[in-house]
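Dear colleague,

Please find below the structure I promised to hand over, with its sequence. My notes on it follow directly after.

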Amino acid sequence: AFVYNNMIRLGIDASGASITKSLQINGIYKISGNNNGIYNNSVYIGGTGVVSGAVNTYAFTRLSSGILDTVTNNIFYNARSNASGTGKNYGMSLNANTNIASNYNNILANGTGGVFGLNAGTDDATLAAWRTGTGLSYSSVSSDPKFISPNGTSATVDLHINTASATAVEQGGVTLANVSTDFDGQSRAGLTPSDIGADAG
């Protein structure tokens, strides 16, 4: 099964205001079951002034380890920022780093309480630590993808990439034969290498 070309914004309500209540938020949540190809998704978790309690949030969570999953060309951006509490805001979380191929992603968690990744119960604060701990993501990056309007209202929210700003997601991915178009149905064929995220070109 494939999960691809999705734009997901959570932690902000329809008016563009932060949801400050303590909530577990999962951008993409992979439980046990069929092997999945998770490709070219753009995930943004927002909200400031959050009373987090002890509840964590995750741009991407994987709770399976027995079946191979491939996680490639995604943006996992957790910008959620706490005002109080001990909850953490993770870019990526794996319950185990076995049976997974994960690379060419942009992973960022830069708000108050932000942690790059959770690897089998251990926090990894940086991409370098994540690479050492998981053995994954050696061609991944960790930078602001420059979404056009991630905190907008339901009418103005926009997770397309602002091409006027240099960003590591442009031509930062790898070409995938089974994802030939982007979120808008535009061809990825002319991009060598491919863009990371749901918006191409």
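The buried residues of helix H1 are covered by, among others, strand S11 (89-94), strand S14 (114-119) and strand S15 (122-124). Please bear in mind that this is a predicted model.

The helix itself spans residues 127-134, and its buried residues are Leu127, Trp130 and Thr134. These three lie on the same side of H1, because the arc they cover around the axis is only 55°. After H1 comes Gly135, which has a positive phi, near 75°.

Five strands form an open sheet in the order S3-S7-S11-S14-S15, and their pairing is mixed. Strand S3 (25-30) and S15 are at the edges and have a single partner strand each, so one side of each lacks a neighbour in the sheet. From one strand to the next, the twist averages 20°. As for the helix, H1 packs on this sheet through contacts with S11, S14 and S15, and its direction makes about 5° with that of S14.

In general, strands of a sheet pair through backbone hydrogen bonds, either parallel or antiparallel.

With kind regards

Note on methods: Residues are numbered from 1 along each chain as its sequence is written. This is a predicted model: local features need pLDDT of at least 70, side-chain atom pairs count only at pLDDT 80 or more; totals for chains, interfaces and linings use all residues. Side-chain values use heavy atoms; hydrogens and water are left out. Buried means under 20% relative accessible area, exposed over 50%, partly exposed in between (1.4 Å probe, protein chains only). Helices (H or I, at least four residues) and strands (E, at least two) are DSSP runs, numbered from the N terminus. The arc is that of the directions from the helix axis to the C-beta atoms. Contact means heavy atoms within 4.5 Å. Two strands pair if DSSP finds at least two bridges between them. Axes are lines fitted to C-alpha atoms, for helices over the stretch in contact, and angles run from 0 to 180 degrees between N-to-C directions.
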